[in-house]
Amino acid sequence: MTIALTAYVLVWPVIVGGVLAVISRGFFRELRAAKEEGRPII
Amino acid sequence: MPPSQEIAQLGIVVVIVLLVVFYGGTMLMTLGIGRKRENADGYMTAGNRIGFGISAASMTATWIWASSMYASVTAGYTYGVSGPIHYGLWGALMILFIYPFGKRIRAVAPRAHTLAEVMYARHGRSSQLMLAGSNVLGSLISLTSNFIAGGALIAMLSPLSFGTGILIVAGGVLLYTLWSGFRASVLTDFAQVLCMLGAAVVVIPVIFFAAGGPGMFEAGVAAGSVTPQQQDFLSSEAFLNQGAPYIAAVLAYAIGNQTIAQRLFAVREDLIKPTFVTATVGYGATVIGVGMLGVMALYLGITPLDGDVNNLLPQMAATYLPWALLALAFLMIIGALSSTADSDLSALSSIVMADVYGQSVGKDKANPRTMLLIGRITMIVATGAALFFATSQFNILDLLVFVGALWGCLVFPVIASFYWKKVTNLAFTVSVVAALVVFLPVRFEWVSLTGVLALPIEVLATVGIGVVLGIMAFGFFGLRVGVGVGIAATLAAAPFTLFFLRDYTVLSASLVAYAVSFLVCWGLSVRSKQRFDFATIRRLTGDFDTAETPVAEAPAEDDSSRRPSDGTPAHARD
């Protein structure tokens, strides 16, 4: 039970890290594309 | 042994430096996108062409507000291991369940700015004002709540007072949002999401191991700090008191919150699904993860500072984190409340610009420069009003309940208006008012849910379960499945809800609101002769500011997406 609870507590920061990576990759792609096209990102 | 009640402070210099770096940094970001002459539509929806990275960051950052972190920690502390799930999971599903409707809304009104604006085109003034009014109240309450959270945090972690804290937060948010509006709000959301999610990744495991690691669970049970219900992943107590009322609110908050609608209208249409799915996972994991701090506090036998469970999050951070990580946790909460506060300001300005000014003077007569001025004045006035509410003894909780109920009453009429040609303005208006009239006495217990009154209310609440689940199923699978799920859910729930729900007034009241608005709206519409042409909405909801094309302009569309010169509302043309 202790192992399960530990995993239960620690799995969330791992998922958050994954989402952060996905969002960051998307943002920097858009930033690069905007720079190449000479326009503001938004 | 629980730790002592004294918590470490960051100190006045550190807190001020952190706030200057945070708000100064966000201000610098917005300077990069500033324009000498801002575009009125860009100020409200950024040209309807935002990419995935910014929009997903913005949806996530906006939906995670300081109160959601505090509430999830409270749920973990109160209900144990399942508490954060019953807060964060359902909150996350709010984002997910709105996306199929979001696709429909964008298809019908691709260049709108607010949902209320679309309701004006669909029905007329009364429906628009109901939605806009509830949006304004909701955003103002959210703004106030975020200022209060910021002031309380600064007061707890530094010698600065609560009043000084809310002034700094309000000033900081207004500073970077005022000039570029929504564009500034969504761009800075990326930096804020980096703060929030980055801090969550580090802070949660560090506190866990600093507080004793896996050993805390056995020790907590041995010390008698945790009840069997609190150890149960399938706790009925957590479901009935926390989860179920929240499920009922899922659609209401998604429909009633202009910050969501604004991002729906801003994101590139083909990116709605990945944006909303990413935000669902991001919100859920972050809020549930932060809620684990409440679970840890429970097992550790910690008593909240001053008996206030809202102090648990900063208390856990200040107790177990080293100085540098406490600063990071501080930025996490400041990021959460600032990202939502700037979204609230943008939402409020859009509603006043589009729904109050734009619709009252008439489409093509609206002056974009005047609109921008009105938008900026709205932000200043809203900040002042939120500061007033934050420092007065005004009970914002009661107001929040009222607004939440109003949103619940609006869900079926709003969604039906996007799909069903027969829904009339009369059906919309009467159904919302009728639902509110039945909701209020039940929610505030003006009538006792005993005797002859209890059973009809329970019957309505049971129908409400069918309405909520039916709408959710309809969004993903269409009308036939939606109706089937609605009927099946009502019949399946009846044996369990009748003679039972009377003890759960919060849940019953929310469900009754759905049921009454559905029954009245359906009853008044089913025999209606109206056959509304949805193409009218596209024609009536378009750009206000066509003098200068926004940089991120959408590809040219046919003229039907622009506003007509006569400005005649849709309902008047039927």
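Entry one. I began with helix H7 of chain B and asked how much of this helix is covered: 27 of its 33 residues are buried, so I noted H7(B) as mostly covered, a residue being called buried if 20 or more other C-beta atoms lie within 10 Å of its own. I kept in mind throughout that this is a predicted model. H7(B) runs over residues 125–157 and reaches 47 Å from its first C-alpha to its last, which is close to the 48 Å expected at 1.5 Å a residue.

Entry two. I then looked up how helix H9 (residues 182–210) and helix H16 (residues 323–361), both of chain B, lie against each other, and found them packed at an angle of about 150° with their axes 8 Å apart. Angles over 145 degrees count as roughly antiparallel, and H9(B) and H16(B) are therefore roughly antiparallel to each other. H9(B) passes H16(B) in a left-handed crossing, and the residues of their contact divide into 14 nonpolar, nine polar and two charged.

I turned to the contact between the chains, where 35 residues of chain B are in contact with 22 residues of chain A. On the side of chain B that touches chain A, at least two residues each are supplied by helix H3 (52–63), H9, helix H10 (215–222) and helix H14 (272–300). Which helix gives the largest share of that side? I found that H9(B) does, with twelve residues. By class, I recorded 26 nonpolar, seven polar and two charged residues on the side of chain B that touches chain A.

Key:
Residues numbered from 1 in each chain as written. Chains lettered and ligands numbered in written order. Predicted model: local features only at pLDDT ≥ 70, side-chain atom pairs only at ≥ 80, totals over all residues. Axes fitted to C-alpha atoms, helices over the stretch in contact; angles between N-to-C directions. Helix = DSSP H or I, 4+ residues; strand = E, 2+ residues; numbered from the N terminus. Parallel < 35°, antiparallel > 145°, perpendicular 65-115°, else oblique. Left-handed = near helix turned anticlockwise from the far one by under 90°. Nonpolar A, V, L, I, M, F, W, Y, C, P; charged D, E, K, R; others polar. Contact = placed C-beta atoms within 7 Å. Expected span 1.5 Å × (residues − 1). Buried ≥ 20, exposed ≤ 12 C-beta atoms within 10 Å, placed from the backbone.
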